[in-house]
Amino acid sequence: MSKSYKIAVIPGDGTGPEVVNEGLKVLGAVSEKVGFKYETKNYDFGGERYLKTGKTLEDKDIQEMNQYSAIFLGAIGHPDVKPGILETGILLKLRFSLDQYINLRPVRLYNPAFCPLKDKKAEDVDFVVVRENSEGLYKGMGEFQKKGTKDEVAIQISYNTRKGVERCIRYAFDFCRKRNRRKKLTLCGKTNVLTFAWDLWERTFNEVAKEYPDITTDYAHVDATTMWFVKNPEWFDVIVTDNMFGDIITDLGAMVQGGMGIAAGGNINPVGVSMFEPIGGSAPKYTGKNVINPLAAICAVSMLLVEIGEEKAGKMVEDSVIKITQTKLKSLAAGKMGYSTSEVGDLVVKNL
Ligand code: IPM
Ligand code: MN
């Protein structure tokens, strides 16, 4: 008997629904080819619903999410909602409540023509960032003192627990071993200035490393990491870092792999429900025009498939994306692909 999955779909705001449509189109096609079954249910969490109801996400929503095999998310962010409300109320709330403590962000160049770096081949840009996804500066700890006065102080705390750091580092070592490419794990931090947080990270990293003698380890400060991403991306295999640094370096990673149009990520709870999303935002100016690149969302579907155990299907989707990226698309940027959003989805389906 073939397996069956339950997938929660959150199209969200802006271009989210358009790219999610294409992702689901590809999911439908690959499920028929490979022979697995799934059901989806849509949820309208996002800016529109918030403006109508004042609701972001309630505890009962989280409980419902917990019953799924995986979550597929489009984009969260609305021009009429003050920055921070939807991000913390929906996206971060999902990540934290579902304990998706890993944010996995592959950076892979499918077609060197779309790389802004000179003379880089596809194999030169092929690494994965393992971003801690539940702590650090994202924990939201801190306070104002003397708010509104000229002596005001704003404190924002980076919160790092041994358990939280260790589970992330272990995941990165295991992932690096399983990926079996160059078997090199780089810790990206800032030991020279942030001497509490990165001392804990470095000690934990070095201790855990002893259990993985087959993995070569390395360390790079975050500022240097951004430099190497541009100068020598081929040095990297797997990178592990905290929440804030991971957020920043993966936007740069997205650019070196060809832009937000192709960059996908997974919010992973290795023993629970994981959530997959294109890492770009809701792109209000392209909304409803059928011009946004759906490949990031389609790559998110590929990652989702791998995570739920449909590795073959995941690989088929990625291979098809690689093929059309190399042979069909004129650009990965919105409006410049030479095809509409839905045509790109069709191309992926055709090349599965
Ligand atoms: C990302 C985004 C989010 C983050 C925002 C929207 C809260 O930038 O997924 O990288 O900072 O994590
Ligand atoms: Mn980001």
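This is a predicted model: local features need pLDDT of at least 70, side-chain atom pairs count only at pLDDT 80 or more; totals for chains, interfaces and linings use all residues.

Mentor: A search of the whole structure finds 28 salt bridges, where a salt bridge is a side-chain nitrogen of Lys or Arg within 4 Å of a carboxyl oxygen of Asp or Glu. One of them joins the side chains of Lys 41 and Glu 64, at 3.1 Å from N to O.
Trainee: Which elements do Lys 41 and Glu 64 lie in?
Mentor: Lys 41 is in strand β2 (residues 37-42) and Glu 64 in helix α3 (residues 59-65), so the pair ties together parts that are 23 residues apart in sequence. Helices (H or I, at least four residues) and strands (E, at least two) are DSSP runs, numbered from the N terminus.
Trainee: How is the protein chain divided into domains?
Mentor: Domain 1 covers 1-109 + 121-125 + 263-352 and domain 2 covers 134-256, with bounds that come from an automatic or database domain assignment. Their C-alpha centres lie 25 Å apart.
Trainee: How much area is buried between domain 1 and domain 2?
Mentor: About 1,500 Å², of which carbon and sulfur atoms give 65%; buried area is the accessible area (1.4 Å probe) that two parts lose on being put together, summed over both. Phe 96, Tyr 101 and Asp 124 supply 33% of the area that domain 1 buries against domain 2, more than any other three residues.
Trainee: How many salt bridges cross that interface of domain 1 and domain 2?
Mentor: The rule finds two across the interface. On the side of domain 1 that touches domain 2, the elements that give two or more residues are α4 (85-97) and β4 (102-108), and β4 gives the most, with four residues.
Trainee: Switching topic, which residues are around ligand 1?
Mentor: Glu 87, Leu 91, Arg 95, Arg 105, Arg 131, Tyr 138 and Asp 247, each having a heavy atom within 4 Å of the ligand. An oxygen atom of ligand 1 is 2.7 Å from an N or O atom in the side chain of Arg 95, and an oxygen atom of the ligand is 2.6 Å from an N or O atom in the side chain of Tyr 138.

How values were computed: Residues are numbered from 1 along each chain as its sequence is written. Chains are lettered from A and ligands numbered from 1 in the order in which they are written. Side-chain values use heavy atoms; hydrogens and water are left out. A polar contact is a pair of N or O atoms within 3.5 Å; within protein, one must be able to donate a hydrogen and the other to accept it, and residues adjacent in sequence count only if both atoms are side-chain atoms.
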